Amino acid sequence: MPSASDSQSIIVAGHICLDIIVTFDPAVSASGVPRPGETALVGPANVSTGGAVANTGLALHRLGTPVRFATRIGDDRFGQATRDIVASHGEALASGIRTVAGETSSYSVVLSPLGADRSFIHCPGANDRFDPRADVPDELLAGAAILHFGYPPNMRSIYGDGGAGLAELFDRARRMGLKTSLDMTQPDPKGEGGKVDWIAWMRRVLPHVDFFLPSLDETAMMLGVPLDRAADPAPLAERLLDMGCPVVGLKLGERGFYLQTRSAKRFGADWSNRQLWSPCFKANVVGTTGSGDCTIAGFLAAYVAGESVENVLNLATATGACSVETADANSGVPTLAAVRARRERGWQRLPVTPPAGWAWDDAEGLHRGPRDDSPA
């Protein structure tokens, strides 16, 4: 039976793996990645869970939001380690991890140079056979507020059917009264995921998505346009909105978090026809693993807590900034109240200059775009 707190609970479904994070100083280890025949000396490895389910899900748990998982692992040592790490945060969290006999558990080797972005060596394992019906049954969804799904490009069963299974899952969740949320990831450009017609896939899936929260890099890849990290994100957001999703949030790395919406009154009176940009908060960057996933956790936690759209965006950006101050994905994330308090103490921002026509709102601490229909 759903508990009283389930009205604010979030189901996080999709990809999970074991992360072996190698942190190093590029200045003293030959860029950290040795050429054939060479050895690069690095420090101790940090072993933690990774993937959208663990990164976003455990960040939500640390923020204080009720969360349930829907994911799968194999019956091997990496799978047991994944389950043990999740259970160390709370036994109930591990109950949503389905162990499948004979399957290989997913793992990543994460190369995380100090002060720079990370790269991955990844085995998708059991994620490739994720079953939207068996792994996300109706009884798990019952009473929850949001179903968030992460990393379709690393899950063969989810991208291989053209998006039909995920669209059906989101439609089922909506019929049960949940909002739906989707995050992506970069596939291997030379692998199967890199060859998917992502425009056709998104046209199939996005009409069933309420919050679409990819990164700028992922969006450029999926739309088949050159990546320009300094460009105006509005044209890319417009294309995604045209595919049927009412709320698009683009993670812009060190430039912050961009939000654009169409008609979205069902999310709250202040959600329709918005265009907002929240710059990054200054942080002591140790590692960026999972920072985008933690940004999403802040977004969803603030939304179910009833925050204004401006506060949702700023608390999302602030949660992502907290996460980069540790090497793993989420141990730097405090409670949502602590994130809010740190921001209210005057947490400084990194400078960002939006295109012409934008205006800084000092009271809300973000930029408003020319398409923003701010409530009176």
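Q: Which residues are buried in α7?

A: This is a predicted model. An α-helix has 3.6 residues a turn, so residues three or four places apart point the same way. In α7, the buried residues are Gly165, Leu166, Ala167, Leu169, Phe170, Arg172 and Ala173. Their cover includes α4 (132–135), α5 (138–141), β8 (146–150), α6 (156–159), β9 (179–183) and α8 (198–205).

Q: What should the 12 residues of helix α7 span?

A: At 1.5 Å a residue, helix α7 (residues 164–175) should span 16 Å, and its end C-alpha atoms are 16 Å apart, which agrees. Just after α7, Gly177 takes a positive phi of about 95°.

Q: Is Ser215 buried or exposed?

A: Residues under 20% relative accessible area count as buried. Ser215 is buried because its relative accessible area is 13%. Ser215 belongs to the loop between β10 (211–212) and α9 (216–223). Leaving aside neighbours within four places in sequence, Ser215 is in contact with Leu250 and Lys251.

Q: In what order do the 4 strands of the open sheet lie?

A: The order is β3-β2-β6-β7, with mixed pairing. At the edges are β3 (45–50) and β7 (119–123), each of which pairs on one side only. On average, neighbouring strands of this sheet are turned by 20° against each other, direction ignored.

Q: How many bridges join strand β6 to β7?

A: Strand β6 (residues 107–113) is joined to β7 by 5 bridges, and the two run antiparallel. Val110 stands opposite Phe120 in β7.

Q: Which strands does helix α2 touch as it packs on the sheet?

A: Helix α2 (residues 77–88) touches β2, β3 and β6, and its direction makes about 85° with that of β2.

Notes
Residues are numbered from 1 along each chain as its sequence is written. This is a predicted model: local features need pLDDT of at least 70, side-chain atom pairs count only at pLDDT 80 or more; totals for chains, interfaces and linings use all residues. Side-chain values use heavy atoms; hydrogens and water are left out. The expected span of a helix is 1.5 Å times one less than its number of residues. Buried means under 20% relative accessible area, exposed over 50%, partly exposed in between (1.4 Å probe, protein chains only). Contact means heavy atoms within 4.5 Å. Two strands pair if DSSP finds at least two bridges between them. Axes are lines fitted to C-alpha atoms, for helices over the stretch in contact, and angles run from 0 to 180 degrees between N-to-C directions.
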